Amino acid sequence: MVHQQRSQSRLSPSSDTEDMADMARLLAPRLAYFAAVARTEHVTRAAQETQVPQSTLSRAMVRLERDLGVDLFARRGRTVSLTPAGRTFLTSVERALAEIERAADEVRADADAGTGKVAFGFLHTMGAETVPGLLHAFRADHPRVRFSLVQNYGEAMLEGLRAGELDLCLTSPVPDAPDLVARRLDEQKLRLVVPADHPLSGRRRIRLAEAADETFVTLEAGYGLRRITDDLCREAGFKPRVAFEGEEAETLRGLVAAGLGVALLPPPPFPRPGVVELTVTAPRAVREIGVAWLDGHPDTPPVAAFKKFLLSKRGNLLA
């Protein structure tokens with residue numbers, strides 16, 4: 001009865017999340033000890049197996065029962081046997097320990113220098129040629145390193161870095177944030193893409209100001225290329241009149257081919273019929289491509305190797 005009352009005071013519905021977290025921290029170190037005692041049914045043998053002093057093990061079991069508020073063992077000297085509550089608890093403890101071991105194996109495997117994993121994010125426009133080429137070149141010297149690849153727009157990838165979901169990302173514009181480290185790797189020229197039957201389609205070069213009266217199709221707000229487009233148009237002296245917003249550059253090319261507007265876009269991986277791509281002479285229409293990672297975040301060996309590889313491509317990333 002005393003145990004039951006103690007348990008209710010510790011685990012009452014009024015306990016907040018912090019109380020539960022504190023209890024988890026108290027219980028966690030003792031679970032492996034409990035499993036060893038339950039398996040051997042002998043404190044001395046369990047102490048030898050776990051390589052801790054017998055007195056330490058005995059005290060840990062007493063504290064565990066006190067924290068849970070139930071008797072887990074029936075004791076006869078150094079020999080013990082599980083109570084019904086102890087058997088119930090052991091089932092969950094063994095499952096939890098097995099899951100912890102599985103997770104430990106997984107993170108060790110991901111950190112392995114030869115076969116580990118890199119979580120790598122990149123812009124959609126770099127997925128057709130640039131990134132496959134980079135991975136092919138990197139794996140020539142690291143053939144067994146694995147990759148988790150994420151294509152997304154810049155801000156979403158930066159949030160992925162902050163959340164620990166990505167190790168590295170290729171993005172544009174190159175971010176400037178106190179919690180991130182970013183390095184410029186290359187720049188990519190942007191072109192004004194017009195329909196093949198557009199009055200400007202016979203031109204090879206154009207000043208962006210000449211497109212001030214055109215209807216634009218752009219990426220959605222929040223995308224790096226959209227911000228660059230808005231900034232370049234502002235520098236050219238106008239605000240673009242946007243008719244359609246999309247999430248992917250090749251979709252925008254399709255909209256241009258359909259005669260729905262013009263767009264500022266990086267070069268396509270393959271020629272697209274129905275459009276003409278004009279060199280923009282003023283203002284200087286480029287986007288910088290950089291690699292970013294979370295400041296202070298320790299690198300596993302495969303991440304460190306891939307980061308070094310990317311930095312070695314400075315000025316030659318898009319070749």
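What follows is a working chat about the fold, cores and voids of a predicted model.

Biologist: What do I need to know before reading off residue numbers and side chains?

Modeller: Residues are numbered from 1 along each chain as its sequence is written, and side-chain values use heavy atoms, with hydrogens and water left out. The model is predicted, with local features needing pLDDT of at least 70 and side-chain atom pairs counted only at pLDDT 80 or more, while totals for chains, interfaces and linings use all residues.

Biologist: How many helices and strands in the protein chain?

Modeller: 10 helices and 13 strands. These are DSSP runs numbered from the N terminus, helices being H or I with at least four residues and strands E with at least two.

Biologist: Compact globule or more spread out?

Modeller: The radius of gyration is 30 Å, well over the 20 Å that the globule rule gives for 319 residues, so the protein chain is more spread out than a compact globule. The radius is taken over C-alpha atoms, and the rule is 2.2 Å times the number of residues to the power 0.38. Along its principal axes the C-alpha trace spans about 95 × 50 × 35 Å.

Biologist: What share of the residues is buried?

Modeller: 40% of the 319 residues. Buried means under 20% relative accessible area, with a 1.4 Å probe and protein chains only.

Biologist: Which residues have the most contacts inside the largest nonpolar core?

Modeller: Phe 120, Phe 147, Leu 168, Leu 170, Phe 306 and Leu 310, in a core of 34 residues. A nonpolar core is a set of buried Ala, Val, Leu, Ile, Met, Phe, Trp, Tyr and Cys residues joined through side-chain atoms within 4.5 Å.

Biologist: Which elements give two or more residues to it?

Modeller: Among them are strand E3 (117-122), helix H6 (130-139), strand E13 (286-294) and helix H10 (301-311). E13 gives the most to this core, with 5 residues.

Biologist: And what is Leu 170 in contact with?

Modeller: Leaving aside neighbours within four places in sequence, the partners of Leu 170 include Phe 120, Met 126, Leu 134, Met 157, Leu 185, Val 291 and Leu 317. Contact means heavy atoms within 4.5 Å. There is also a second, separate core of 30 residues, which includes Ile 206, Leu 219, Leu 252 and Leu 264.

Biologist: What about the second largest pocket?

Modeller: About 210 Å³. Its lining includes Glu 187, Lys 189, Arg 191, Arg 284 and Leu 318, with the largest share, 3 residues, from E6.

Biologist: How many cavities of 30 Å³ or more?

Modeller: 2 in the whole structure. The largest cavity has a volume of about 120 Å³, and Leu 123, Thr 125, Leu 219, Tyr 223 and Arg 287 lie nearest its centre. The second largest cavity has about 30 Å³, and its lining includes Asp 167, Trp 293, His 297 and Lys 307.

Definitions and conventions. Buried means under 20% relative accessible area, exposed over 50%, partly exposed in between (1.4 Å probe, protein chains only). On a 1 Å grid over the protein atoms alone, a cavity is a set of points where a 1.4 Å probe fits but cannot get out, and a pocket is an open set with protein on both sides within 12 Å along at least five of seven lines; lining residues have an atom within 4 Å of a point. Grid points are joined across faces, edges and corners, and a volume is the space filled by probe spheres set on the points.
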